[in-house]
Amino acid sequence: MAALVIASLLSSTAYAQSVDLSQWSPEYIRSIAGTEEFDTAGHCASVVPLDYEGRLTYWWTGPTEASPQIEHQINEEFWAAWAETYPNIETDAQNIDYNQLLDRLRTTLLGNAGPMVVRLQILGGVEFASKGYFQELAPEDIGYPTADFWPGAMKSVTWQGTTYGVPTNNETMALIWNADIFERAGLDPESPPATWDDLVAYSKQIHDELGISGYGLVARQNAGNTPFRFMPQLWAYGGGALDEAEENPTYETVQLNSEGAVAALQAAYDMYVRDKSVPTSALTNTQNENQAPFIAGQLAMMIAHPSEYAKMVDLAGLATGADKEIADTVVENMRYGLIPEGPERRAVVFGGSNMHFVQPDYVEGGFDEQAAKAFACFWNSPEWSTKLAWTGSNPGNLAGFKTQWMKERLDTIKFLDVTTSMLPSGIPFPVIPEATEIMNIIVPDMLQNALTERMSVEEAAADAAAKVESLLGGGL
């Protein structure tokens, strides 16, 4: 058994090394898609024999009524393939609503009634790992080398030097712009702003020339959309909440009042207060509120997922009369590009989900290690890591980018290659239990304080930094 696992790991290492992250670009992604075939059952048999008899309990957020039909189809195909591959593992899988999963897991763990395996949003796990609920778990434990997973993703499953999960899928966003608006405003319609300073200038030029909003700034309080769009700007200028943008973060230094953070906040202030080139409703907007003005040709740029194109196609299909003509023009002129660079880096929030093993003491009925490993190997294989991320994400396992299914996705999901090319620039939020409060409360409050001029830019940054230090107990 050990020899088989070692041989499998060597094979996995070979295909990991053939994915050259230094070349990562839309062209490179397309060049490797469909170049290799993988035997999922054969590989997982080297981790756990296919005739193993056991039981598994699993919680995750899967397709909902709002999900595209293809997600439901792939979900059904996965469970059928799993049952065929490991027919003797009795499986109880519960698809739990995204907004209920964390609370339900908290409650059941307190009663020692948790599942064996759970998949959570990318930073959902740190809370439970920090409290001792999750087992140590690395890709090698389920037959894959850590080199096959994004460094940013591995940061998100590392707590105090220990790895406690496997990244199942990862996604990043891109800059979207309307080429028609660019041209009418005197800008190159096929060239997005290269830097954040350019974006500020473009936004002003569009507003001055056409009287519409240049950039869809999002600054709503207690809303995840806000940090997902502001933190890339803050990181690009060299700032951070802590030191999460560094290669080996320690999360011991608050950087919300750093020179880079202040520069990013100043840029947002310049667009909102000085230039008035972003929606006045930015203080209460999420990304959803950017959709209507964009499809109406009243907003030139925004940050979003590849799925935004499909949303605009849907909205155009619902439009009538003159609105229909405008909407069709917007869809025709919709472009995707890399999020702008800053003085320090190009950055984007690294999103996705991770799979975790629950400590045996907190699992109802006990923990079946072999069943859990078989399942984790199967789900995180190049095949299913790709298929299960079909419409809105990307395989956590880098080898998935070389499969025929990745090629099919690239051929059918418009702009997927652009958003995927942002993955090397991905930065996860600080991997600490307090990350949600920092990102969803403190960072939006900092923006609000500056944009409403309740505080100067420098005062707002200092106030936010002080709140983080207080939240973390002043031990930094």
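This is a predicted model: local features need pLDDT of at least 70, side-chain atom pairs count only at pLDDT 80 or more; totals for chains, interfaces and linings use all residues.
Modeller: Residues are numbered from 1 along each chain as its sequence is written, and side-chain values use heavy atoms, with hydrogens and water left out.

Colleague: How many salt bridges does the structure hold?

Modeller: A salt bridge is a side-chain nitrogen of Lys or Arg within 4 Å of a carboxyl oxygen of Asp or Glu. Arg30, Lys407, Asp411 and Asp417 are linked in a network of such bridges. The count for the structure is 17.

Colleague: Is glutamate 127 buried or exposed?

Modeller: Its side chain meets that of arginine 106 in a salt bridge, 2.7 Å from N to O. Glutamate 127 also pairs with lysine 131 at 3.7 Å. Buried means under 20% relative accessible area, exposed over 50%, and partly exposed in between (1.4 Å probe, protein chains only). At 17%, glutamate 127 is buried.

Colleague: Which helix holds both lysine 387 and glutamate 383?

Modeller: The two residues form a salt bridge, with the closest N and O atoms 2.9 Å apart. Helices are DSSP runs (H or I, at least four residues) and strands likewise (E, at least two), numbered from the N terminus. Lysine 387 and glutamate 383 are separated by about one helical turn because they lie 4 residues apart in helix H16.

Colleague: What is the relative accessible area of alanine 399?

Modeller: Alanine 399 sits in the loop between strand S13 (394–395) and helix H17 (404–412). Alanine 399 is buried, and its relative accessible area is 0%.
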